[in-house]
Amino acid sequence: MMSTQKFQIPEWAFEFHGHACPFMPIGYRMGTLALQKLGIEKCKDHELHVFSEMGIGHPQGCMQDGIMASTGATFGKGMIEKLFYGKVAAIFWHPDRMGAYRIFLRNEFQDKLAPHEFFAYRKKGIEPSQIPAEVGQDIIDIVLNATNDELFDITYLPNFEYKPIKGSFAKAKCEVCGEYTFERYLKVKEGKKVCISCAEHEPSEKVFYHAYISNPKK
Ligand SMILES: [Zn+2]
Ligand SMILES: [Zn+2]
């Protein structure tokens, strides 16, 4: 039953993620497999782009930290974004490769994990860091001992195309609040170039990032 070799995840990835849970390791393995499929190394700069199909309000999002850790496609470098489909899947695209790969965590494996004691704790509202360490380790070992075939369904998407947004350092001061704003995000309001916050609110309101919180993409 056991695969020949237990998958290894560096300790720093758990430290970065903050707790011991099964979904960060699933993401780490998914990212590792994507690099193999694309025939590339972990990205140092901005080549790879990941489209996570996860949404909000379901706890498997930890997977995305694992993907970032193994691929180097980090949020900060603008290499990962969410599609809000509510699925445990991601698409991996690299500019030097034709198409892209979509990797989905198999229904069968999701069903295999679901009855584990770890999720009994989670359903009672207990956070992963408060779950007994041996329970966390046991479910992580199930992930690390599984084969790629048991875990993932991989689809090659030959027609997948993506045009990365061209990076720009161009910025200007918002004519209301005076803060530097990257030009892509300046709006015109009453003939003035203003930031999103000032475009949508009166200067006295100071409601930042309202636009992002209330309108997640789709
Ligand atoms: Zn987690
Ligand atoms: Zn402003």
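The structure is a predicted model. Confidence across the chain averages a pLDDT of 90, and 90% of the residues score at least 70. An exception is the stretch of residues 209-218, where pLDDT stays under 50. For these residues the model has 7 contacts beyond four places in sequence.

The chain holds 9 helices and 9 strands. Its C-alpha trace spans about 70 × 45 × 30 Å along the principal axes. Of the 218 residues, 28% count as buried. Among contacts with a separation of 6 or more, 63% are accounted for by residues 24 or more positions apart. The domain assignment of the chain gives domain 1, covering residues 11-157, and domain 2, covering residues 171-214. Between the C-alpha centres of domain 1 and domain 2 the distance is 35 Å.

Five of the strands are considered next. An open sheet of 5 strands is arranged in the order S2-S1-S3-S4-S5, and its pairing is mixed. From one strand to the next, the twist averages 20°.

Strands S3 and S4 run antiparallel and are joined by 5 bridges. Phenylalanine 92 is placed opposite tyrosine 101 of S4. The two strands S3 and S4 form a hairpin with 6 residues between them, and glycine 99 in the turn has a positive phi of about 70°. Strands S4 and S5 (residues 152-157) are likewise antiparallel, with 6 bridges joining them. Isoleucine 103 stands opposite isoleucine 154 in S5, while arginine 102 stands opposite threonine 155 in S5. Because 5 of the 6 residues of S4 are buried, this strand is largely enclosed by the rest of the structure.

Helix H2 (residues 23-38) lies across S3, S4 and S5 and runs at about 150° to S4. At 1.5 Å a residue, the 16 residues of H2 should span 22 Å, and its end C-alpha atoms are 22 Å apart, which agrees. The buried residues of H2 are Phe23, Met24, Pro25, Ile26, Gly27, Tyr28, Arg29, Met30, Gly31 and Ala34. H2 is followed by glycine 39, which has a positive phi, near 70°.

Helix H3 (residues 63-71) is mostly covered, with 9 of its 9 residues buried. These residues are Met63, Gln64, Asp65, Gly66, Ile67, Met68, Ala69, Ser70 and Thr71. The buried residues of H3 pack against both helices and strands: the helical partners are H1 (11-17) and H2 (23-38), and the strand partners are S1 (49-52), S2 (80-82) and S3 (89-93). Just after H3, glycine 72 adopts a positive phi of about 80°.

Conventions
Residues are numbered from 1 along each chain as its sequence is written. Chains are lettered from A and ligands numbered from 1 in the order in which they are written. This is a predicted model: local features need pLDDT of at least 70, side-chain atom pairs count only at pLDDT 80 or more; totals for chains, interfaces and linings use all residues. A residue is buried if 20 or more other C-beta atoms lie within 10 Å of its own, exposed if 12 or fewer, and partly exposed in between; C-beta atoms are placed from the backbone. Helices (H or I, at least four residues) and strands (E, at least two) are DSSP runs, numbered from the N terminus. Two residues are in contact if their C-beta atoms, placed from the backbone, lie within 7 Å. The expected span of a helix is 1.5 Å times one less than its number of residues. Two strands pair if DSSP finds at least two bridges between them. Domain bounds come from an automatic or database domain assignment. pLDDT is the predictor's confidence in each residue, from 0 to 100. Axes are lines fitted to C-alpha atoms, for helices over the stretch in contact, and angles run from 0 to 180 degrees between N-to-C directions.
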